[in-house]
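The following exercises are to be worked through with the sequence and the structure at hand. Each task is followed by a solution in steps.

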Amino acid sequence: MFSTSRHISRPLRLTCRRSMETYTRRTPPPPPAEVASLLQGYHGQPPHSVPLAQVVSFGEDLSPESVVASANFVLSEIPRRLAQRVQSLDNLPFIVGTNPFIGRIHELYQDGFKTLATYPAPQNIEENWAFTRRLEELVGAHADDIPIMAKGFKECARYMTPEKTSAFLNSAIRDRIALRLIAEQHISISYSLREGGRGKSTKTVGVIDKKTSPKALIGMCGRFVSELSEASLGSCPEVKLEGQFDATFAYVPVHLEYILTEVLKNSFRATIERHGHSSSSLPPVTITISPSSIPSSPSRPAYMSLRIRDQGGGISPANFRKIFSYAFTTAGESSVSDPFDEGMGGGPYAAQHVGGSAAIGGGDSTGGAGNMFGEITGKGVQVGLGTLAGLGYGLPLAKLYSEYFGGGSGLELVPLDGFGTDCFIKLRSLERGGDEVLI
């Protein structure tokens, strides 16, 4: 049963003091009767993993019928997952649930659940378009969930062990990736159909780009991080490419964009802090592209491998043990003023949100007006481009993204203390439509 442990008959105020700051915690209000009844009904319909191929199939041979079928799939699948997230938030310790940031996330999930659990199933393409616009609004409303949640758990660190916090966040973020994939896949194919696309696509199927180019994404992410580095640290190292420049693979470009951006931000900052702020004295960050030499098969998926090598001094053994822990950060340890580590207005799911717009704009992984980094860069450094850096979520999230599609995918750091760090990224190709991948 969904927990009602926080739903008491009269308001409770908890006043907490930290240094000279005083703020008030309020007991979250109980859900409206309609929502409580809906949640109880969905408690008997727990979400189950679905093949990525099923999600992708609605866009493989695009037609009005396939898009309407996709809308009905979204309405059958997402409410169950949202109900599970509401329940998981209900089950947090009471004091954590009273945190205003966690409370805000709880309210957003509850509202999103109610909207989709009561939305009538579209019967034709006109009704689907109205649903798609509503789904877009929900995606936008949840754009900053992860940085908001990061702030909440940072404030509640004393009330949960790091192990319990990590377990909750890993589950929440993995669920969130699945939710966004399902929602944005439908939004993308709905836009494609509306813009005249029909039949089979040779390049994109919703948010999956069958010809994702690591070289193009490295160039785009490198330019973005270079501009950020120049503006915030006064210089930037060169990005040097090696390997097979023409290699492509089937993947979700926005996932690779986020991974590359977070790793490059770390490499750039480490290089500048070790070698100084003169660009002429900075060694390059070298990226090697290495696709699988054996074609994929049902028993053996293909991979794209990347190595990102910097000469930023490596990672000390003490820090390396905690490098993938939530809330661990080296930000602020140096004397360098670092806007990489300021602000909280973005993060992977702001990136993921704009990535959905990129897919809608054509799914071009080489950039363009709808591209995630074009939009972010256009807003300027003043909006806090560091987002989750400084909160200690950047690398843990990049690792989650890299591992998400399974099959041995992942991100590994190999530091040479006193010299630099090699980051190995191995990503499973989705060229077979994700037959073996469950989300």
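**Exercise 1. Determine the handedness of the crossing of α9 and α10, and describe how these two helices pack.**

Solution. This is a predicted model, and the description applies to that model.

Step 1. The crossing of α9 and α10 is right-handed.

Step 2. Two packed helices are described by the angle between their axes and the distance between the axes. Helix α9 covers residues 214-233, and its axis comes within 9 Å of the axis of α10, crossing at roughly 40°.

Step 3. An angle under 35 degrees would count as roughly parallel, and one of 65 to 115 as roughly perpendicular.

Step 4. On the α9 side, the residues that make the contact include Leu-217, Phe-224, Val-225 and Leu-228. On the α10 side, they include Leu-256, Leu-260, Leu-264 and Phe-268.

Step 5. Sorted by class, the contact of α9 with α10 comprises 14 nonpolar, 4 polar and 3 charged residues. Among the residues of this contact are Glu-257, Lys-265 and Arg-269 of α10.

**Exercise 2. State how α3 is oriented relative to α6 and relative to α8.**

Solution. 

Step 1. Helix α3 (residues 64-90) packs against helix α6 (residues 125-141) at an angle of about 45°, and their axes lie 10 Å apart. The two helices are therefore oblique to each other, and the crossing of α3 and α6 is left-handed.

Step 2. In this contact, α3 contributes Pro-64, Val-67, Val-68, Ala-71, Val-74 and Leu-75, while α6 contributes Ile-125, Asn-128, Phe-131 and Leu-135. The division by class is 9 nonpolar, 1 polar and no charged.

Step 3. With helix α8 (residues 162-194), α3 packs at an angle of about 160°, the axes being 10 Å apart. Angles over 145 degrees count as roughly antiparallel, so α3 is roughly antiparallel to α8.

Step 4. The crossing of α3 and α8 is left-handed. The contact of α3 with α8 has 16 nonpolar, 6 polar and 4 charged residues.

**Exercise 3. Locate Val-252 and decide whether this residue is buried or exposed.**

Solution. 

Step 1. Val-252 lies in the loop between β8 (249-251) and α10 (253-275).

Step 2. The relative accessible area of Val-252 is 2%. The cut-off for a buried residue is under 20%, so Val-252 is buried.

Step 3. Leaving aside residues up to four places away in sequence, Val-252 touches Leu-181, Val-207, Ile-208, Phe-405 and Leu-430.

Step 4. From Val-252 to Thr-212 there are 40 residues in sequence, and the C-alpha to C-alpha distance is 7.7 Å.

**Exercise 4. Summarise the protein chain and identify stretches where pLDDT stays under 50.**

Solution. 

Step 1. The chain has 14 helices and 12 strands. Of its 439 residues, 53% are buried.

Step 2. Consider contacts between residues at least 6 apart in sequence: 79% of them join residues at least 24 apart.

Step 3. The average pLDDT of the chain is 81, and 77% of the residues score at least 70.

Step 4. Over residues 1-22, pLDDT stays under 50, and the model has 49 contacts beyond four places in sequence for this stretch. Over residues 341-389, pLDDT also stays under 50, with 118 such contacts in the model.

Key: Residues numbered from 1 in each chain as written. Predicted model: local features only at pLDDT ≥ 70, side-chain atom pairs only at ≥ 80, totals over all residues. Heavy atoms only, no water. Helix = DSSP H or I, 4+ residues; strand = E, 2+ residues; numbered from the N terminus. Buried < 20%, exposed > 50% of the residue type's maximum accessible area, 1.4 Å probe, protein only. Contact = heavy atoms within 4.5 Å. Axes fitted to C-alpha atoms, helices over the stretch in contact; angles between N-to-C directions. Left-handed = near helix turned anticlockwise from the far one by under 90°. Nonpolar A, V, L, I, M, F, W, Y, C, P; charged D, E, K, R; others polar. pLDDT = per-residue confidence, 0-100.
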